[in-house]
Amino acid sequence: MSNLEHLSPSPLWQIFGNICAIPHPSKHEQKISLWIQQWAKEKGLAVKEDEVGNLFIKKPATPGMEDRKGVILQAHMDMVPQKNADTEHDFLTDPIRPYIDGEWVKAQGTTLGADNGIGLASALAVLASDDIPHGPLEVLVTIDEEAGMSGAFGLEAGWLEGDILINTDSEQEGEVYMGCAGGVDATATFPLETQPVPQGFESFNLSISGLKGGHSGVDIHTGRANANKLLVRFLLQAAKKFSLQLTELNGGSLRNAIPREANASFVVKSEDVSALKDALADYLSTIKANLSVVEPDIDMTLIQPETFDRMWTQTCQALILTALNGCPNGVMRMSDDIEGVVETSLNMGVLRCKGEKFVALCLIRSLHDDGRIETEEMVQSVFELAGANLEFSGAYPGWKPSTDSQIMRIVRETYQDIFAKLPEIMVIHAGLECGLFKTEYPHLDMVSIGPTIKFPHSPDEKVEIATVAEYWRLLTAVLNNIPIKA
């Protein structure tokens, strides 16, 4: 179907094709975990699973390399499940359908899972090889990286034996990462107060779609629109001008994905319908003009569904819409230390009506604890003024760069030897698991590398074929250059 096996390096692409065939969204990694364990046993490799579901696979050093420092290749087994509205796909049962499009591999209407499927495939391909020199080798495959990092949080001391960890979850060839942002989830919960819909009101559903979405870390600086924020802005304007009363509001699907779609149900007096439609047309024309470069396919659709019998009270609606409109979103501050890198950001990822409650879920990221805390306090002020209950959870630390990292020097020098140029040494504004690994294994010397993956966490996700081969050359050469253990 996809002809991935014809790409180079063939072992890596063949394994990636197998990964695509097995459903593995976050929180539902059982099938892929069982496949990896069976695969490892068939290769005669030692494999074990910890209490939270992380997998550990060991392979002895190749002859003559037994005295090298131990290396841990690390990847996560879950993927972000996102699809286009017109795509029929069940992420719990259906395989991802990859295909080759020129210089890229994409998926048909869904996320591809190259994040982190390519990294996982590369680690397994090294394990399967009999012609790649390496010292003592371990592969750590974590669960749930995309939806809470519970695998990394649950990693216990005593399982890993290596000295060096190579994270395979970076997404730009030619960049070597030595640090990452930390983050925290912010959940605002409002009580929903409703009342009967009076006579003379008509029911509508309004949706916004066609946005690109993307990774709330690596794409947050691109100016891509947030569907939740755009819809809320219009609803707040319309509620002030017309007799619009909401009955439901939902948007986005993941805290770490820029929302591509959102929808609202509401009622409005019959005499306001014509003016409301004109206001919607004006609003859509305005945002299309303002966002035409970055969001060329944006659209808003108004339909009349079944009749609603209850609506939000004016006070409840005003508090929720005002807070959502006032909540910051996007880049909060660029780094003063690293040119072109976002220091602090916020993504309003999910809006949900849940019974008699309304919930907004945001993800705050920052390279520095104080930047995260400042943004937490700002968000807290907005939502608590509106009467919401705000909780912060799932905080994970950043990965502080180490300027004397031996593995960083090895990767940099190896890259220069292969490609006759130096890579960029970077800090990424996304949550890698490396910071959490340091909690139980403070001695680890870590680095993160990977091929070029564009638009992860969205159905536009794609991986550049040529860079996968380049990443593979670098990874296997670095394994050969690991120094002797003192």
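The second largest pocket of this predicted model has a volume of about 370 Å³. Its lining is made up of 20 residues, and those nearest the centre are Leu367, His368, Trp399, Lys400 and Pro401. Which elements each supply at least two residues of this lining? They are strand S8 (175-180), strand S9 (182-191), helix H8 (369-385) and strand S21 (389-396). Sorted by class, the lining of the second largest pocket holds 10 nonpolar, 6 polar and 4 charged residues.

Let us turn to the largest pocket. The space within the largest pocket is about 430 Å³. Glu175, Tyr177, Val218, Asp219 and His221 are the closest to its centre among the 20 residues that line it. At least two lining residues come from each of strand S8, strand S22 (424-428) and strand S24 (453-454). S22 gives the largest share, namely 3 residues. The lining of the largest pocket comprises 10 nonpolar, 6 polar and 4 charged residues.

I close with a pair of helices. Two packed helices are described by the angle between their axes and the distance between the axes. Helix H9, residues 406-419, packs against helix H11, residues 465-480, at an angle of about 125°, and the axes are 10 Å apart. H9 is therefore oblique to H11. The crossing of H9 past H11 is right-handed. On the H9 side, the contact involves Ile407, Ile410, Val411, Thr414, Tyr415, Ile418 and Phe419. H11 contributes Glu470, Arg473, Leu474, Ala477 and Val478. How many residues of this contact are nonpolar, polar and charged? The contact of H9 with H11 has 9 nonpolar, 1 polar and 2 charged residues.

Key
Residues numbered from 1 in each chain as written. Predicted model: local features only at pLDDT ≥ 70, side-chain atom pairs only at ≥ 80, totals over all residues. Heavy atoms only, no water. 1 Å grid on protein atoms, 1.4 Å probe; cavity = no way out; pocket = protein on both sides within 12 Å on 5 of 7 lines; lining within 4 Å. Points joined across faces, edges and corners; volume = space filled by probe spheres on them. Helix = DSSP H or I, 4+ residues; strand = E, 2+ residues; numbered from the N terminus. Nonpolar A, V, L, I, M, F, W, Y, C, P; charged D, E, K, R; others polar. Axes fitted to C-alpha atoms, helices over the stretch in contact; angles between N-to-C directions. Parallel < 35°, antiparallel > 145°, perpendicular 65-115°, else oblique. Left-handed = near helix turned anticlockwise from the far one by under 90°. Contact = heavy atoms within 4.5 Å.
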